[in-house]
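Biologist: Can you walk me through this model? I'd like to take the chains one at a time.

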Amino acid sequence: MSEKIGVYVCHCGTNIAGIVNVEEVSQWAGSRLKDRGVVIARDYKFMCSSLGQELIEKDIKELGLTRVVVAACSPHLHERTFRTACERAGLNPYLCELVSIREQVSWVHTDKIAATAKAEAVLSGGVERVIHNEPLEPLKVPIHPDSLVVGGGIAGIQAALELADGGNHVYLVEREPSIGGHMAQFDKTFPTLDCSACILTPRMVQVGNHPNITLLTWSEVTKVDGYVGNFEVAIKKKARYVNTELCTGCGICVEKCPKKVVDDVFEAGMAKRKVIYIPFPQAVPNFPVLDAPNCTFFQKGTCKACEKFCPTNAIDFNQKDEDITVKVGNIVLATGYDLFNPRRIPQYGYGRLENIFTSLEFERLCNASGPTGGNIVLKDGITPPKTVGIVHCVGSRDQNYNGYCSAICCMQSIKFAHLVHERTGADIYNFYIDIRTPGKSYEEFYQRVLDEGTHFVRGKVAEVTEVARSPEEEGKLIIQVEDTLIGKQRRIPVDMVILSAGLEPRYDAKETGKLFGIACSADGWYIERHPKLDPIATMTEGVFIAGCVQGPKDIPATVAQGAAAAARIQGKIQQGEITLEPIRASINEDQCSGCRICNDLCPFSAILYHEDRAVSEINAALCQGCGTCVAACPAGAISGTGFSNEQILAQIEGLLLLNIDQKESKKVLA
Amino acid sequence: MSKNEKPKFAMYWADSCGGCDIAVLNIHEKILDVDANFEVVFWPVAMDAKYKDVEAMPDKSILLTLFNGAIHSTEHEHVAHLLRKKSKILVAFGSCACEGCMPALINLSSKKDFFDTVFTTISTVNPENIRPQTSVKVPEGVITLPEMYSVVRTLDQVVPVDYYMPGCPPESHQIAAVIDLVIQVLQGKAELPPPGTVIGAGNSTVCDECPRKRDIKKIKKFDRIQFIEPDPEICLLEQGIFCSGLATRSGCEAKCPSAGSPCIGCYGPAEGVLDYGARLMSAVASVIDSTDPVEINQILDGIPDPAGQIYRFNMAGSLLQACKDAWNRK
Amino acid sequence: MERITIDPITRLEGHGKIEIFLDQEGNVANTYFQVPQLRGFERFCVDRQVEEVPLLTNRICGVCPEAHHMAGAKAVDAVYHVNPPPAAKKLRELLYSAFYVTDHTTHFYALAGPDFVMGPDAPVAERNILGIIHKVGLEIGGKVLQCRKYGHAVIEMIGGRKVHPCTSIPGGLTKGITEEQRKEIEQMGRWAIEFAQFSLKLFNDIVLGNKAYVDLILGDIYTHKTHYIGLVDENNKINFYDGKVSVVDPDGKRLGKYGPEDYTDWIAEHVEPWTYLKFPYLKKVGWKGFVDGKDSGVYCATPLSRLNAADGMTTTLAQEEYDKFYKTLGGKPVHQRLATHWARLIELLYAAERWVELATDPEVTSPNFHTIPTEKPTEGVGIVEAPRGTLTHHYWTDERGVTTKVNLIVGTTNNYAPISMSINKAASSLIKKGTVVTEGLLNMVEMAFRAYDPCLSCATHSLPGQMPLQITIHDADGNPLEVLKQYC
Amino acid sequence: MNNDDTFEPVIIGFTCNWCSYRAADTAGTARVKYAPNIRLIRLMCSGRLDPTFVLKALANGADGVLITGCHPGDCHYVEQNYKALRRFHLLKRVLTQMGIEPGRLKLVWASAAEGAILAAEFDKFINEVRALGPLNLPLQKQKTFSTPALEEVAA
């Protein structure tokens with residue numbers, strides 16, 4: 001046994017020593033594991049204290065330790081601490097192992113003898129493992145200063161602007177003809193009630209004019225290659241049939257276009273638009289888009305009205321989709337959310353009964369630039385409602401649809417109540433499960449609306465029907481609900497119902513995630529690197545998430561994440577290069593038979609196959625170190641640093657005390 | 001002692017089929033080189049020489065012993081120890097000695113189960129339900145039989161082994177190459193590889209030598225060779241046939257897949273592999289094209305005998321070696 | 001009582017152990033031919049995918065894996081009730097004929113030859129194939145090796161590998177052959193015919209030319225009057241791959257013929273506690289112990305038996321030798337075991353001729369070499385004539401085609417009883433009171449069973465291990481007397 | 001070996017660095033108690049789980065093996081836990097053929113938050129294996145090599 005191993009057992013005050021006989025463990029290691037290379041075994045009150053660390057550094061220097069095992073708390077807490085200590089003493093940090101005898105022994109077991117025995121086994125496993133540890137050097141890769149932001153909603157806009165203002169180039173990709181996202185569709189924003197468009201459009205214009213931003217609307221990402229610092233992204237620019245070089249955005253083509261279709265996107269189906277159209281007046285960029293599938297010329301081969309009237313001959317029926325490739329160092333995914341479709345809850349009557357609106361439809365209804373010019377009226381277009389029912393949690397907090405809370409519906413519904421009250425003076429009923437107002441001056445806004453006399457009924461709406469049971473219900477929408485505060489069933493007749501629909505991941509979130517090599521949770525929201533400590537990074541280095549892609553949230557939180565993502569990227573760009581954990585897989589080409597089993601196993605496309613030599617190879621910078629290919633290689637040709645077969649197999653032997661007398665391992669548990 | 005000074009050569013079979021011996025004869029005229037460079041002192045299939053002659057030899061007096069066959073009886077173990085003692089270089093020759101080969105599939109059943117099956121077959125007339133005994137009293141005296149172990153073992157589980165030469169049987173061109181090497185060593189023109197080396201084989205896997213075209217693997221269904229007309233150009237696994245080539249050591253020139261028949265794994269695990277079957281099952285399972293447990297199991301139903309598939313040759317050499325019953329009855 | 005053990009029996013494939021007990025006078029009281037290993041194929045071939053069993057049973061014997069592969073192939077065809085296309089059948093038989101040539105050559109030159117060419121009591125060191133090569137000259141040795149080379153070339157072309165072929169599957173083969181290969185095979189076949197004729201001539205000169213040997217052959221020592229069986233075609237001519245098994249009694253009278261499905265009506269196996277191997281016998285006649293004659297179910301399945309059980313050969317040259325054989329040895333049936341070596345060479349010639357017949361059949365290059373099974377798998381029996389005797393494979397499966405039961409009656413096993421009897425008789429007549437038991441003398445005992453070319457790895461398909469044959473002399477209490485134990 | 005009334009199983013548990021290992025930490029932090037029979041090994045992902053590890057553990061004296069990983073869809077490496085799932089089902093079939101009770105191998109999904117749930121699963125599995133009794137497979141011997149003296153050979 002050529003290694004010299006130092007073993008350090010931590011009391012952690014009484015956290016460990018209270019259950020585990022720490023002295024015994026360290027003595028045991030010193031004697032029973034001597035012939036495994038343990039030259040020194042100490043126990044200390046707080047190993048993580050500077051004195052504890054110095055103890056280790058001293059032994060490394062004086063005893064020439066070649067390996068270190070610390071038995072203390074979870075590696076997730078102090079692995080770095082002890083590895084850094086080793087590094088200070090000139091020992092490669094990866095030759096140090098931290099085994100957990102606190103979270104996984106003293107804190108979860110009560111029998112002192114058994115706990116001590118287990119601590120010994122766990123320590124023995126660490127010792128056997130560390131023998132096979134290899135000195136590792138972190139990987140460093142250069143960072144390309146340009147960035148890609150996907151999604152032109154407020155999150156993407158914020159991220160793009162922060163990066164661009166920081167002096168770095170940004171590609172902002174948006175699949176709709178204009179940036180702005182959902183926020184551009186809103187009327188007022190809670191709780192301050194300032195006009196959504198008024199605060200958003202300046203930002204949009206900034207983006208449009210920013211010298212550091214290449215704005216790619218009506219475009220989609222089709223392929224992502226490479227790795228952090230060095231991504232190569234293929235983007236498809238869909239044909240607008242409008243030459244943006246020539247177009248002045250005068251809008252004559254729109255005016256002259258003879259055909260109208262329902263606008264399902266911006267107007268949420270509440271109004272019509274022309275076939276060649278600018279989504280909304282403040283759109284950025286302000287060029288029209290021709291909706292080819294609906295265009296008479298593309299259908300029948302005649303018309304071309306737009307072309308005839310265009311003063312700058314900007315209309316180009318021969319325009320084709322264009323594929324471009326950009327190189328970027330980092331990526332922000334801010335592709336937002338879809339609205340829950342209330343048709344999925346038939347008993348609420350949406351789509352079946354008149355005068356039932358989704359939250360988004362209502363936003364348009366009360367928006368000054370909307371179909372009714374901001375007049376809140378029934379479908380007939382003239383009659384204002386006398387009573388309005390607002391239903392919360394539609395498709396949220398509901399095991400049949402989405403279990404989670406969509407976070408914004410309460411405040412949004414309260415906002416709606418205020419707007420209806422303000423503009424119609426109608427009677428308003430809000431139907432809620434719980435009111436959630438976790439935000440600056442949210443609760444105050446709720447109080448204000450309560451004071452305005454809005455009725456709040458605590459109970460989940462069972463049904464919205466038009467089947468009247470009494471004369472006063474005739475011609476009304478009747479909301480059937482159990483009022484849980486008074487504990488009885490109620491039927492409330494109203495003229496208008498607003499369904500505060502929940503937020504859902506984009507219908508294509510999974511595919512998009514695959515494209516960028518990041519994962520969705522069971523709910524479909526993208527998984528952050530850490531739910532608390534790192535909510536904007538992902539498991540894929542260099543790919544960040546901002547806004548509702550990570551989970552439902554309101555505008556302030558969304559903006560904060562957009563800014564945060566930008567700040568993180570800026571930091572990386574300044575460093576110029578990035579350091580990667582050296583836990584990576586690699587293929588021994590002599591042993592690789594080119595069977596190609598591994599080729600499709602890597603979600604990060606780190607494995608490439610060389611037809612010519614008929615072998616596979618792993619791109620270390622792309623590899624995330626999960627080890628799946630190592631476990632799958634039938635030839636045993638792939639090895640993984642940090643978690644090699646030798647390390648794991650040795651740890652198994654250690655844990656089972658194969659390295660010492662067998663009876664021992666059984667007796668201690670009996 | 002021998003009359004001439006040529007180094008001594010021995011070949012022995014334990015629990016084996018004789019195919020290894022035939023493979024050696026199949027080196028054709030090379031056999032004459034063996035005769036020219038060695039004194040063949042013990043080789044039951046080809047010449048007369050009894051144990052006593054071997055026992056009479058001084059220790060380490062045989063230069064090279066090719067030992068084929070697995071260890072399944074007291075007799076095998078005895079000869080293994082004898083030849084280890086008498087040989088300078090002991091080679092585990094062929095799949096049986098290296099990893100147990102098919103005879104070790106018997107490790108999947110208990111000894112009782114095994115004897116009961118054999119002595120009650122449809123054509124057996126055995127009214128007193130007789131089982132052979134290790135010692136039987138006959139009118140003239142007592143005669144004995146070696147005892148069968150309940151678990152077949154590899155040679156290196158019984159005695160230390162210097163080299164391993166896999167294959168069922170080893171391909172003749174590989175044998176010829178190894179014999180050339182040894183002769184060169186004798187003439188001081190070459191050096192022996194380090195002890196424990198696998199000789200007469202490659203260190204990649206059969207796919208490396210397989211002429212079939214390979215693509216990425218996604219398995220939706222396992223098929224059986226008799227039910228399809230496989231495309232002769234394309235990887236059999238990609239056509240749903242459970243081919244063991246991907247996990248099996250190279251060196252055979254991918255004979256079976258080239259002949260339209262899936263590799264069955266006779267060359268054993270690739271360099272440094274601890275458990276052959278684990279490699280094979282891990283690789284194949286990893287590329288099953290489903291994330292639904294129910295569907296995964298439906299797909300796995302396409303392999304009705306997984307243990308037989310992945311441990312066809314490697315049972316004795318595997319980590320578990322034998323089924324629980326075989327272990328538990330001594 | 002004295003005991004002699006020969007340990008191990010050499011120059012046969014597998015392991016063997018012979019116990020010889022002497023009485024007070026020093027005459028042989030009894031002999032026991034033990035097979036001391038059990039490998040358990042009947043057990044571990046169960047629970048497997050049935051299409052693999054022909055690959056597993058290959059490993060019963062590395063000397064005649066082709067036989068097991070063929071019997072297995074026919075059994076799995078039967079299991080799936082599928083009839084392979086003509087090309088597949090012909091290719092299989094072509095492979096099989098080439099194998100026969102190789103195998104019979106190996107046996108004659110490497111295993112049995114030395115006894116005749118070098119003489120039964122030549123020095124140990126010379127009594128082997130290398131000895132023959134030294135004696136009869138390199139160019140004959142070369143011919144022998146050449147013959148094996150050709151045989152294995154054909155086996156590899158059709159079977160995929162030289163040893164343990166892998167191409168037979170339910171419904172046919174996994175591959176065919178090209179016209180180029182066919183031409184090559186044909187040429188090698190023509191060479192093989194010449195070689196077979198040469199071998200017969202060699203036998204003629206060295207053995208039949210030597211009175212001592214002829215007396216040895218015709219002498220009573222190596223004679224047994226038993227039943228004989230062998231595979232024959234519809235005209236009762238010898239065929240190795242297909243047909244029915246013909247059964248004749250010691251007078252040469254045909255008791256009948258059975259097809260694979262009926263084997264259990266004809267053959268049964270007897271069990272003794274002192275050996276791992278079972279003793280097959282004719283069920284209809286019954287087991288009467290180790291005795292010959294009409295009333296004993298003991299039968300024999302060897303080249304000699306096949307000649308006795310058939311009415312002749314389908315090929316001209318072999319037919320001539322067939323007639324010469326019986327003319328020389330005084331009519332059918334021939335009971336002298338050593339004549340088996342001659343019979344083997346006649347089969348060698350037949351196999352070579354059949355090889356060329358099939359190699360010149362245009363159909364063998366057809367691309368239609370596999371029929372996909374459509375029936376539900378159930379149960380099937382496959383029978384071929386292995387060089388060392390009729391070979392029967394019987395598999396049962398569930399509806400997934402996974403084996404639930406396997407029964408095997410293997411070439412050499414057929415001859416277990418007659419071999420035991422031959423040994424007994426040879427020993428009794430050679431070892432008499434006062435005779436010094438020489439190694440050569442013991443070798444002549446071994447010759448008794450070597451004539452059967454017993455393949456004990458085959459026989460021991462149900463046994464693992466190795467079989468010591470040592471000579472020990474025991475007093476009446478069975479205690480060994482050192483003096484003779486020292487010997488050999 | 002132990003007779004069953006005093007029998008205490010030894011169990012090896014494989015955990016994923018991102019979910020189940022953190023869940024075990026969570027259990028600790030919350031002082032949730034479970035039996036000491038289980039000893040954990042940290043992998044980066046359940047996708048790293050090589051059936052060799054399970055066979056090795058059983059052959060080296062473990063009475064049962066627990067595999068844990070992120071919930072389907074939650075894998076930190078997108079979809080690698082599905083590979084573990086596939087291997088698990090095949091391995092279970094092989095072990096069954098080897099006469100090893102399927103109950104000695106178990107797969108449990110646990111997120112980093114599910115400390116208490118995982119602890120309960122530990123106890124459940126430990127009891128299930130205790131009920132099965134000791135596995136008692138002989139411990140693997142290491143292979144040993146004799147070194148032929150090369151000069152002897154060349155001589």
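Modeller: Let's begin with chain D: from the N terminus on, its elements run β-α-β-α-β-α-β-α-α. Helices (H or I, at least four residues) and strands (E, at least two) are DSSP runs, numbered from the N terminus.

Biologist: What should I know about the numbering and the kind of model?

Modeller: This is a predicted model, where local features need pLDDT of at least 70 and side-chain atom pairs count only at pLDDT 80 or more, while totals for chains, interfaces and linings use all residues. Residues are numbered from 1 along each chain as its sequence is written, and chains are lettered from A and ligands numbered from 1 in the order in which they are written.

Biologist: Back to chain D, then. How many helices and strands does chain D have?

Modeller: Chain D has 5 helices and 4 strands. The strands make an open sheet with the order β2-β1-β3-β4, and the pairing is parallel. Two strands count as paired if DSSP finds at least two bridges between them.

Biologist: Which strands of chain D stand at the edges?

Modeller: β2 (38–43) and β4 (105–109) of chain D; each has a single partner strand, so one side of each is left without a neighbour in the sheet. On average, neighbouring strands of this sheet are turned by 20° against each other, direction ignored. Axes here are lines fitted to C-alpha atoms, for helices over the stretch in contact, and angles run from 0 to 180 degrees between N-to-C directions.

Biologist: How many bridges join β1 and β3 of chain D?

Modeller: There are 4 bridges between strand β1 (residues 11–16) and strand β3 (residues 64–69) of chain D, which run parallel. One pairing to look at is Ile11(D), whose bridge partner in β3(D) is Gly64(D).

Biologist: And what does helix α1 of chain D lie across?

Modeller: Helix α1 (residues 20–29) of chain D lies across β1, β2 and β3 of that chain, running at about 110° to β1(D).

Biologist: How much of chain D is buried?

Modeller: 64% of its 155 residues. Buried means 20 or more other C-beta atoms lie within 10 Å of a residue's own, with C-beta atoms placed from the backbone. For chain A the figure is 52% of 670 residues.

Biologist: What else is there on chain A?

Modeller: Chain A has 18 helices and 34 strands, and its C-alpha trace spans about 90 × 70 × 45 Å along the principal axes. Among its contacts between residues at least 6 apart in sequence, 70% join residues at least 24 apart. A contact means that two C-beta atoms, placed from the backbone, lie within 7 Å.

Biologist: Switching to interfaces: which pair of chains has the most contacts?

Modeller: Chains B and C, among the 4 pairs of chains that touch. That contact takes 85 residues from chain C and 75 residues from chain B. The side of chain C that touches chain B divides into 37 nonpolar, 27 polar and 21 charged residues. Ala, Val, Leu, Ile, Met, Phe, Trp, Tyr, Cys and Pro count as nonpolar, Asp, Glu, Lys and Arg as charged, and the others, Gly among them, as polar.

Biologist: Where do strands of B and C pair up?

Modeller: Strand β6 (residues 124–125) of chain B and β9(C) pair in the parallel sense over 2 bridges. Thr124(B) stands opposite Glu269(C) there.

Biologist: How far apart are the closest C-alpha atoms of chains A and C?

Modeller: They lie 22 Å apart, and no contact joins chain A and chain C. No contact joins chain C and chain D either, and their closest C-alpha atoms lie 10 Å apart.

Terms used: A residue is buried if 20 or more other C-beta atoms lie within 10 Å of its own, exposed if 12 or fewer, and partly exposed in between; C-beta atoms are placed from the backbone.
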